[in-house]
Amino acid sequence: MSSGPIKIAVLDDYQGISGPKYQKLDPSKYEVAFFKDTLPPYNHPDTTQDVKDKLVARLEPFAVICTMRERTPFPKELISRLPNLKLLLTTGNRNLGLDLEAFKERGIPVAGAVDRAHAGSVGSISTTEHCVAMILAAARNIAQDDLSVKTGGWQTVPAVSLRGKIFGTAGLGRLGIAVAKIMHLAFGMRIIAWSTNLTQDAADEKARATGFPVEDENGEKTFKVVSKEQLFSTADVVSIHLVLSDRSRGSVSAADLALMKPSAIFVNTSRGPLVVEKDLQDALEQGKIRAAALDVFEKEPLPLDSRWRTTKWGQDGRSRVLLTPHMGYVEEATLEAWYEQQVENLLRWEKKEDLTTPLY
């Protein structure tokens, strides 16, 4: 360790929750800088060299960098340009924005943080609640009607009922199951599911594990596995719950969206790049479906000139669009717990103790 204070950068804490945790550190030993604004991702094709250099200039002085999920990606080239970096602390128990092999090659430890109050959830309870809220808000016109009342108007368009309709989940993992369970129990929605390798036997086992019968009294599967084409063409709500990977990137494109019912609602609280963003924007511009509810985007934070921000959605024949700024896991108690664990790991690292939640 150097004789001076250890320089620490805390990135992308939009709500300022990390401050009280890190400010408890001894200022004679630790020099902490907080950066609430997120610079464009180093590895995005639209990021210019000047912007890349700006990000490097920001991060280069620091021995320890503390991140929030995937808000600032760390590809190999960026890591190679940070000679002072000795420790990377993130949140969650995985971070697809980190090139772990590059960190390993440099001998830089990487550790996450978990939600101890809900072991193994990594924000999934929060994301489930947010997803259900967005589905209901899109079906009931909550945001539009709220704005109408506050600006001197009254009713806009009729809401739609979800009772007995079809809920289609792309992905039947923990989040897909959690949302499907609520929609089934609360509103009697019938559940259909698709993902690349999902089988009916696997879906039946997931139903049993959830406490559902495999079939109802009419012999209808609780979690009915269908083709991708069936999912998009028959579901009244299509909700994306896939894990982002090289294989799943761009899984939803114009051909899929063209199959959707005009009355359908499209929901994505998973990851923006799972959907070809321009294809979705074009479909919504043409009013092909009732509404979309989105918490995630191709580029985050959204640029000020993004079509999502500038288009007058819900007007002149366009579909209605509900947008939230990637809030699926953003709950105060969870964020506080994550930052507390980051500080604990920082102290462990300085004492040369094993880190909790190492990512490699």
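Which residue in β7 is the bridge partner of Phe167? In β7, that partner is Ile191, and the legends below begin with the strands concerned. The structure is a predicted model, in which local features need pLDDT of at least 70 and side-chain atom pairs count only at pLDDT 80 or more, while totals for chains, interfaces and linings use all residues. Residues are numbered from 1 along each chain as its sequence is written, and side-chain values use heavy atoms, with hydrogens and water left out.

**View 1**
Strand β6 covers residues 166–170; helices (H or I, at least four residues) and strands (E, at least two) are DSSP runs, numbered from the N terminus. Of the 5 residues of β6, 5 are buried, where buried means under 20% relative accessible area, exposed over 50%, and partly exposed in between (1.4 Å probe, protein chains only). Ile166, Gly168 and Ala170 point one way from the strand, whereas Phe167 and Thr169 point the other way, and all are buried. Strand β6 runs parallel to β7 (residues 190–194), to which 5 bridges join it, and parallel to β9 (residues 237–240), to which 4 bridges join it; two strands pair if DSSP finds at least two bridges between them. Ala170 has Trp194 as its bridge partner in β7, and Gly168 has Val238 as its bridge partner in β9.

Strand β7 is largely enclosed by the rest of the structure, because 4 of its 5 residues are buried. Together with helix α7 (residues 174–187), β6 and β7 make a right-handed β-α-β unit; a crossover is right-handed if, with the strands pointing away from the viewer, the path from the first strand over the helix to the second runs clockwise. Strand β7 is also joined by 3 bridges to β8 (residues 223–225), and these two strands run parallel. Within this pairing, Ala193 stands opposite Val225 in β8. From β7 the chain crosses through helix α8 (residues 200–210) to β8, and this β-α-β crossover is right-handed.

The structure holds 7 aromatic pairs; rings of Phe, Tyr and Trp (its six-membered ring) pair if their centres lie within 6.5 Å, and planes under 30 degrees apart count as stacked, over 60 as edge-to-face and the rest as tilted. One of these pairs is formed by Tyr22 and Phe34, which are edge-to-face at 6.4 Å centre to centre, with 80° between the planes. Tyr22 lies in helix α1 (residues 19–22) and Phe34 in strand β2 (residues 30–35), so the pair ties together parts that are 12 residues apart in sequence. Tyr22 is buried, at 1% relative accessibility, whereas Phe34 is partly exposed, with a relative accessible area of 34%. Phe35 and Phe62 form an aromatic pair that is also edge-to-face, with 5.9 Å centre to centre and 80° between the planes. Because Phe35 lies in strand β2 and Phe62 in the loop between α2 (49–59) and β3 (64–66), this pair ties together parts that are 27 residues apart in sequence. Phe62 is buried, with a relative accessible area of 9%.

**View 1. An aromatic cluster and two charges over rings.**
Phe297, Trp308 and Trp313 form one aromatic cluster. The charged end of Lys52 sits over the ring of Tyr42, 5.1 Å from its centre; a charge sits over a ring if NZ of Lys or CZ of Arg is within 6 Å of the ring centre and within 35 degrees of the ring normal. Arg69 lies over the face of Tyr329, at 4.7 Å from the ring centre.

Leu100 is placed in helix α4 (residues 100–106), and at 25% relative accessibility it counts as partly exposed. Leaving aside its neighbours within four places in sequence, Leu100 is in contact (heavy atoms within 4.5 Å) with Val110, Leu359 and Tyr360. Leu100 and Leu359 are 259 residues apart in sequence, yet their C-alpha atoms are 7.7 Å apart in space.
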